[in-house]
Amino acid sequence: MRYTLRQIEYFVATAEAGSITLAAERIHVSPPSISAAISQLEAELGAQLFLRRHAQGLSLTRVGRELLVEAKQLLDQAQKLYQTASEASDTVAGTLSLGCLLTFAPMVLPAIAHSFTNAFPGAQVLPDVADHERLLHRLERAELDIALSYDLHLPDGFSFTPLAGLAPFAMLAETDPLAK
């Protein structure tokens, strides 16, 4: 076997996104890196995984659809190796998929990711910045482990733990009658 888990990861991300560009944005990797990894994977497996349609993105071939199921299982098994080792040694390791609301992500996400990986060197934070609805959708689909957001219209089945209390405020022009 001469393929890597990274190539499998890029293949799955691209298959789910339907586009190399969207996959690159989601997993924070350059499009050329993803394209090269997929080409190498196709060469190694001797199978075309995607149909490439100019200006229409990518679609999986029959073989690609079959391999996608296996690839997801392979990535799940690889993640379980980290979990097993982590549980056996009482260390935190593996990947944390962290969603963050786009309105405050620039202020909190770098510090949180940095402090988490400093505290747990065996862990990696994969950030995902999105609006509230997208974060909820990705949590429901188990694409995120956790998300930072406001306590806004949470459907049943979600657990919310407040990390900070922020007072609401309004900004008005000095000349506005409500400014007083």
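Predicted model: local features only at pLDDT ≥ 70, side-chain atom pairs only at ≥ 80, totals over all residues.
Student: How do you know that helix α1 spans what a helix of 13 residues should?

Tutor: Helix α1 covers residues 5-17. At 1.5 Å a residue, its 13 residues should span 18 Å. The end C-alpha atoms lie 18 Å apart, so the two values agree.

Student: What comes after α1?

Tutor: G18 follows α1. The phi of G18 is positive, near 80 degrees.

Student: Which residues of α1 are buried?

Tutor: They are Q7, I8, Y10, F11, V12, A13, T14, A15 and A17.

Student: Why is T14 called buried?

Tutor: Buried means under 20% relative accessible area. T14 has 0%, so T14 is buried. This residue is found in helix α1.

Student: What does T14 touch, not counting residues up to four places away in sequence?

Tutor: T14 touches S19, I20, A23, I34, I38, F50 and L58.

Student: How do α1 and α2 pack, and at what angle?

Tutor: Helix α2 covers residues 20-27. The angle between α1 and α2 is about 115 degrees. Their axes are 8 Å apart. The crossing in which α1 passes α2 is right-handed.

Student: Which residues meet there?

Tutor: From α1 come Y10, A13, T14, E16 and A17. From α2 come I20, L22, A23, R26 and I27.

Student: What makes R6 and E9 a salt bridge?

Tutor: The rule asks for a side-chain nitrogen of Lys or Arg within 4 Å of a carboxyl oxygen of Asp or Glu. In R6 and E9, the closest N and O atoms are 2.9 Å apart. The pair therefore meets the cut-off of 4 Å. Both residues lie in helix α1, 3 residues apart, about one turn of the helix.

Student: Why can such side chains pair at all?

Tutor: Side chains of opposite charge can pair when their charged atoms come close.

Student: Are E42 and R52 buried or partly exposed?

Tutor: E42 has 13% relative accessibility, so E42 counts as buried. R52 has a relative accessible area of 44%, so R52 is partly exposed.

Student: What makes R138 and D128 a salt bridge?

Tutor: The closest N and O atoms are 1.7 Å apart. That is within the 4 Å cut-off. R138 lies in helix α6 (residues 132-140), and D128 in strand β4 (residues 122-130). This pair therefore ties together parts that are 10 residues apart in sequence. Both R138 and D128 are buried.

Student: Which residues do shared partners join into one network?

Tutor: Salt bridges that share partners join D128, R138, R141 and E143.

Student: How many salt bridges does the rule give?

Tutor: The count comes to 7.

Student: Where are the domains?

Tutor: Domain 1 covers 5-79, and domain 2 covers 92-148. Their centres, taken over C-alpha atoms, are 22 Å apart.

Terms used: Residues numbered from 1 in each chain as written. Heavy atoms only, no water. Domains from an automatic or database assignment. Helix = DSSP H or I, 4+ residues; strand = E, 2+ residues; numbered from the N terminus. Expected span 1.5 Å × (residues − 1). Buried < 20%, exposed > 50% of the residue type's maximum accessible area, 1.4 Å probe, protein only. Axes fitted to C-alpha atoms, helices over the stretch in contact; angles between N-to-C directions. Left-handed = near helix turned anticlockwise from the far one by under 90°. Contact = heavy atoms within 4.5 Å.
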